[in-house]
Amino acid sequence: MYTSDTIVAPATAAGQGAVAIVRLSGQSAFSILRRIWHPLSGASLKARELTLGEVCDPASGAPIDRALAVTMPGPKSFTGEDVAEIHCHGGVFIVRQIVAAALGAGARMASPGEFSRRAFLNGRIDLAEAEAVADLVAAQSESALAQALSQLTGALSSKVRLLREQVIAIRAYLEAHIDFSDEDLALPGADEIEARCARLFADLKRLHDSFARGRLTRAGAKAAIIGKPNVGKSSLLNLLLGVERAIVTPIPGTTRDLIEDTVRLGPYSLILQDGAGIHETGEIVERIGVERARAGAAQADLLLVVFDASRPLEDEDGEVIRLCLKRPTVALLNKIDLPQQIGRDDLRRYGLDAAAVAVSAVRGDGLEQLRAELTTILERLGGGAHNESIAVSRERHRVALAEALAALDSARGALASKMPPEIVAFDINAVAHALARITGEVTSEDVLDAIFGEFCIGK
Ligand SMILES: Nc1nc2c(ncn2[C@@H]2O[C@H](COP(=O)(O)OP(=O)(O)OP(=O)(O)O)[C@@H](O)[C@H]2O)c(=O)[nH]1
Ligand SMILES: [Mg+2]
């Protein structure tokens, strides 16, 4: 439920820094500010101008900090309400004291995402843009940042609006028929309507299918490092990360748990996952590890399959190769510092038809080729390093688009079987409804709770 009481929260992360910001939003933001902050003598507070003053406890008058304050009157503020900010010294205790002073002067502690939720409810941002704020803050790579920024500046929202305009045009056609056509006649102009529906279907489908790319860009792709025991999986993880993240020993079966860490590759981030060597084992702890490694491999976006090139291939390698069939895979012939027993042809004979890079995880040979190969695959999965086209990055958007596609499919079926225009219009309305959910023109409290609940307090 929307209340217009005044909320307060730190807008900067907890911890020491040069500056921290405490933000107030709501009807009483300015009067609360005046109770806890006073301009230094001679200064006066003007809207949107930082002014130096002193923050004091409203009850005792005890000074807390010397700080800048700024007021941003609604509706032209982030939340659409009156917003005041105190830019204080960046100490955890100072921030806590200032928030307590604001609470003492009548503000209420904001709940997670409440500032953004108010911005949405006051029409300052739509839902897709609010989600983009969260993505922007969480971005771990250049490509994730670029995608979030494009969504924040309304690229996805405008695309959805264009799709809705196509829907409205189709509905206008249908309404003309509902109003004017004789009963029991096939829809005149049905061909035109179907052509428009077909075009809309293709556009919706393209946006729906961009989800795989958008999700990878937002969250980063995951690569599972797999192979039989002792081939050098953990050594490769450490090499790629540049730190000794996983334990390496000459004993097969060293790694049991899944180990994850992220590596930067050009504009991308890649989550690497190391696990137990895949093989049959009766040892209970190791068996659980192998199950986890298999499950991790099944969920990964790409596989880094490692072989010990200093030893002939064996059945266990064949078992690992089977996991890679029809999956984006990079094969690694490791331990090339030792005399080699196998090469790319042997992998092919075992049925593995993937790019293969020769490496030595202990010496670092082949690291650059491996990084280049991984970047190429990420580029392919992400649709190109400089892919400008819009991608949806959240499951919520994908589901809405899938529903829009299903409703449109049903409308086309009704058209093809010459159903009355009212029936077709019913399905077309469902398409519009599904699209409106992406930007939040139609939404429910539950959806808002889920979206803004993900945000931190103060956002
Ligand atoms: N000579 C040589 N030895 C390597 C290379 N890579 C790994 N090793 C050695 O191979 C052994 C196993 O390495 P790990 O990285 O623990 O192998 P793993 O595949 O993670 O093994 P498990 O966790 O037991 O499945 C260690 O003794 C490493 O030092 C390499 O490129 N050259
Ligand atoms: Mg290991």
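Asp5, Glu81, Arg108, Glu114 and Arg118 are joined in a network of salt bridges. The model is a predicted one. Across the whole structure there are 30 salt bridges. Three further pairs are described below.

| Salt bridge | Closest N to O distance |
|---|---|
| Glu131 with Arg396 | 2.7 Å |
| Arg437 with Glu403 | 2.6 Å |

In the salt bridge between Glu131 and Arg396, the closest N and O atoms are 2.7 Å apart. Glu131 belongs to helix H4 (residues 127–138) and Arg396 to helix H14 (residues 395–416), so this pair ties together parts that lie 265 residues apart in sequence. Glu131 has a relative accessibility of 1% and therefore counts as buried.

Asp301 sits in the loop between helix H10 (284–299) and strand S11 (302–308), while Arg215 is part of helix H8 (residues 211–219); the pair links distant parts of the chain, 86 residues apart. With a relative accessible area of 16%, Asp301 is buried. Arg215, at 30% relative accessibility, counts as partly exposed.

The salt bridge of Arg437 with Glu403 has its closest N and O atoms 2.6 Å apart. Helix H15 (residues 421–439) contains Arg437 and helix H14 contains Glu403, so the two residues tie together parts 34 residues apart in sequence. Arg437 is partly exposed at a relative accessible area of 26%. Glu403 is also partly exposed, and its relative accessible area is 37%. Helix H14 thus holds Glu403 as well as Arg396.

**The seven-stranded sheet**

An open sheet is built from 7 strands in the order S3-S4-S5-S6-S2-S1-S7, and its pairing is mixed. Strand S3 (37–39) and strand S7 (108–109) form the edges, each pairing on one side only. Strands of a sheet pair through backbone hydrogen bonds, in either a parallel or an antiparallel sense. Strand S5 (residues 63–72) and strand S6 (residues 83–90) take the antiparallel sense, with 5 bridges between them. Val70 stands opposite Glu85 in S6.

Which strands does helix H1 lie across? Helix H1 (residues 29–36) lies across strand S2 (17–25), S3, strand S4 (51–56), S5 and S6, and runs at about 75° to S3. Helix H3 (residues 114–121) lies across strand S1 (7–10), S2 and S7, at about 130° to S1.

**The magnesium site**

The magnesium ion (ligand 2) has Ser234 (OG) and Thr255 (OG1) as its protein donors, at 2.0 to 2.1 Å. Ser234 lies in helix H9 (residues 233–241) and Thr255 in the loop between H9 and strand S9 (259–265), so the pair ties together parts 21 residues apart in sequence. Ser234 counts as buried at 8% relative accessibility. Thr255 likewise counts as buried, with a relative accessibility of 12%. Because water is not among the atoms, a metal site may look incomplete.

Terms used
Residues are numbered from 1 along each chain as its sequence is written. Chains are lettered from A and ligands numbered from 1 in the order in which they are written. This is a predicted model: local features need pLDDT of at least 70, side-chain atom pairs count only at pLDDT 80 or more; totals for chains, interfaces and linings use all residues. Side-chain values use heavy atoms; hydrogens and water are left out. A salt bridge is a side-chain nitrogen of Lys or Arg within 4 Å of a carboxyl oxygen of Asp or Glu. Helices (H or I, at least four residues) and strands (E, at least two) are DSSP runs, numbered from the N terminus. Buried means under 20% relative accessible area, exposed over 50%, partly exposed in between (1.4 Å probe, protein chains only). Two strands pair if DSSP finds at least two bridges between them. Contact means heavy atoms within 4.5 Å. Axes are lines fitted to C-alpha atoms, for helices over the stretch in contact, and angles run from 0 to 180 degrees between N-to-C directions. Donors are N, O and S atoms within 2.8 Å of the metal (3.2 Å for Na, K and Ca); water is not among the atoms, so sites may look incomplete.
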